[in-house]
Amino acid sequence: MGNFKSVFEAYGGDYDVTMSRFMGKETLYMKILGMMFQDENLKKLGTAIEENDLDAAFEAAHTLKGVAGNLGLTPFYDSVCRIVSQSATGKSGRITPGCIRRFRMNSPGLMGYGKNCRRLETDLW
């Protein structure tokens with residue numbers, strides 16, 4: 001999986017720090033990453049943002065924040081952290097347009113990263 005490091009770093013992650021969490025096992029990382037893409041919270045967060053449902057956005061984003069942080073998905077992690085912050089305080093009664101824009105900009109990148117990783121995983125086997 002020699003290409004994995006370059007794909008990971010191109011996405012914006014810190015390879016060495018993240019792989020230390022996975023005992024240097026890229027196959028274990030890929031397995032956990034695959035589980036994240038099956039997590040319903042990705043869809044729930046998108047829906048909650050569209051509906052401006054702060055409680056649902058907080059719940060989904062908070063779950064994804066932990067997962068994204070452990071997986072070293074820095075751009076996505078940063079965007080869900082902002083959503084957690086805004087939905088937790090609820091001061092404005094909404095998630096700001098800038099926060100929504102950042103989430104939307106990072107989501108396709110995350111999905112592209114996932115596809116690239118699945119290709120690498122397939123090549124491994």
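Okay, let's start with one cysteine: Cys 99 is buried, at 4% relative accessibility. By buried I mean under 20% relative accessible area, while exposed is over 50% and partly exposed is in between, using a 1.4 Å probe and protein chains only. Cys 117 is buried too, at 1%.

Quick housekeeping. This is a predicted model, where local features need pLDDT of at least 70 and side-chain atom pairs count only at pLDDT 80 or more, though totals for chains, interfaces and linings use all residues. Residues are numbered from 1 along each chain as its sequence is written, and side-chain values use heavy atoms, with hydrogens and water left out.

Who does touch Cys 99? Ile 83 does, for one, and beyond its neighbours within four places in sequence Ile 83 also contacts Leu 45, Ile 49, Ala 57, Ala 61, Ile 95 and Phe 103. Contact here means heavy atoms within 4.5 Å.

Ile 83 brings us to the largest nonpolar core, which has 36 residues. Such a core is a set of buried Ala, Val, Leu, Ile, Met, Phe, Trp, Tyr and Cys residues joined through side-chain atoms within 4.5 Å. Among those with the most contacts inside it are Phe 4, Leu 45, Ile 83 and Tyr 113. Helices 1 through 7 each supply at least two residues of this core, and helix 7 gives the most, with seven. Helices here are DSSP runs of H or I, at least four residues, numbered from the N terminus; strands would be E, at least two.

Now look at helix 4, residues 41–51. Which of its residues are buried? Asn 41, Leu 42, Leu 45, Ala 48 and Ile 49 are. They sit on the same side of helix 4, because they cover an arc of only 130 degrees around the axis, taking the directions from the helix axis to the C-beta atoms. On the other side, Lys 43, Glu 50 and Glu 51 are exposed.

Last stop, Lys 5, in helix 1. Is Lys 5 buried, exposed or partly exposed? Partly exposed, at 33%. Leaving out residues up to four places away in sequence, Lys 5 touches Tyr 15 and Asp 16.
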